[in-house]
Amino acid sequence: MTLAITGPTSGIGEETLKALVKSFDEILILARNERKATEMIKSFPTSIQPKMRFVQIDLSDLKSVQRASEAILASTSQLDVLINNAGGIFQKKEITVDGLELSFAANHLGHFLLTENLIPLLLKSKNPKVINLSSEAHRAAKIDFENLAQCQNGYSSFTAYANAKLCNILFAKSLVDKYGDKGLHAYALHPGVVKTRFGNEAGGIFKFMWKLAEPFMITAAKGAATSIYLASQDISPKFNGYYFKNSKPNTPTSTARSKEVRDKLWDLSEQLIQKLLNSPAK
Ligand SMILES: NC(=O)c1ccc[n+]([C@@H]2O[C@H](COP(=O)([O-])OP(=O)(O)OC[C@H]3O[C@@H](n4cnc5c(N)ncnc54)[C@H](OP(=O)(O)O)[C@@H]3O)[C@@H](O)[C@H]2O)c1
């Protein structure tokens with residue numbers, strides 16, 4: 001059994017990895033920082049370390065995602081579980097090397113490309129799963145497809161994050177629309193309000209509220225529980241494509257459940273990838 005996880009160098013991803021490590025024969029550590037990934041691998045017992053393989057990926061850079069995908073396709077014959085865990089909220093508007101707004105790129109589009117590229121490996125598994133880390137923040141989304149990828153009409157860090165976390169739910173459901181009949185399972189989840197490095201890069205009112213909430217936050221180990229549950233348990237087929245919270249199906253917003261919205265997001269994501277991957281290197 002092979003697991004691939006993005007963002008395992010910190011917080012929820014690291015705790016998810018610690019809990020799942022014994023259940024997998026091969027683990028792809030998809031991280032942007034080689035030093036951190038190597039140190040993290042070395043923190044595991046020497047008997048476990050050989051199962052883990054670092055693959056360099058910056059999810060905010062489509063060409064980096066493409067290189068990582070190619071490296072995985074060349075060296076792995078099957079993928080059983082892909083956990084799209086990496087993400088963050090960013091105080092200032094930042095534009096990536098591809099000309100995209102960072103929250104959209106790192107939380108959604110990089111994972112969209114990675115998952116699409118790895119579909120052939122996932123479909124070789126008997127019980128393939130894709131798990132997207134979303135958030136209750138999706139309830140504050142104000143999705144505007146004209147503005148989603150670049151935020152030209154003004155930037156709010158929380159709205160950009162909320163929109164990207166809505167994309168994570170829409171994308172999980174779209175995967176089931178497209179590949180569910182071939183055996184793919186896909187889920188999105190809210191991990192809880194978790195004390196990790198998350199929010200350190202935020203500012204303004206969000207940072208203030210986040211600091212106030214700190215005493216009530218759960219640990220990263222507890223925040224990993226729903227990811228671990230979805231990765232390791234057999235989930236009833238009737239919940240395929242669902243959004244989970246506290247290891248139970250939960251109802252996201254009507255926008256998150258809209259087929260029209262998720263089809264639009266899929267088309268936009270495909271178009272952006274086609275255009276940007278074929279553009280000359282900067
Ligand atoms: N904490 C919460 O309360 C909360 C609530 C709802 C949802 N979530 C979601 O849970 C997920 C994990 O968050 P966390 O709380 O564990 O945060 P965290 O401690 O900040 O960890 C984030 C991870 O994502 C990686 N990452 C960020 N940008 C990346 C990029 N461009 N390319 C590759 N890796 C990247 C980070 O790598 P580095 O180590 O290199 O920085 C780190 O491993 C996120 O998707 C977040 O939106 C968290």
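**Aromatic pairs and nonpolar cores**

Tyr242 is partly exposed in this predicted model, with a relative accessibility of 34%. Phe239 likewise counts as partly exposed, at 22%.

In total, 12 aromatic pairs are present in the structure. In one of them, the ring centres of Phe198 and Trp210 lie 5.2 Å apart and the planes meet at 65°, so the pair is classed as edge-to-face. This pair links distant parts of the chain, 12 residues apart: Phe198 belongs to the loop between β6 (185-190) and α6 (204-213), whereas Trp210 is in helix α6. Trp210 is buried, its relative accessible area being 18%. The rings of Phe239 and Tyr242 also form an edge-to-face pair, because their planes stand at 70°, with the centres 5.3 Å apart. One aromatic cluster is formed by Phe158, Tyr161, Phe198, Phe206 and Trp210. Elsewhere, Lys178 lies over the face of Trp266, at 4.7 Å from the ring centre.

The largest nonpolar core comprises 49 residues, and the most contacts inside it are made by Leu30, Phe104, Leu109, Leu175 and Leu272. At least two residues of this core come from each of β2 (26-31), α3 (62-75), α4 (102-122), α5 (157-179), β6 and α9 (259-277). Helix α4 gives the most, with 10 residues. When neighbours within four places in sequence are set aside, Leu272 is in contact with Leu100, Phe104, Leu109, Ala149 and Leu277. Another core, of 30 residues, lies apart from the largest one and includes Phe24, Phe44, Ile83 and Ala231.

Terms used: Residues numbered from 1 in each chain as written. Predicted model: local features only at pLDDT ≥ 70, side-chain atom pairs only at ≥ 80, totals over all residues. Heavy atoms only, no water. Phe/Tyr/Trp six-rings, centres within 6.5 Å; stacked < 30°, edge-to-face > 60°. Helix = DSSP H or I, 4+ residues; strand = E, 2+ residues; numbered from the N terminus. Buried < 20%, exposed > 50% of the residue type's maximum accessible area, 1.4 Å probe, protein only. Lys NZ or Arg CZ within 6 Å of the ring centre and 35° of its normal. Core = buried A, V, L, I, M, F, W, Y, C linked by side-chain atoms within 4.5 Å. Contact = heavy atoms within 4.5 Å.
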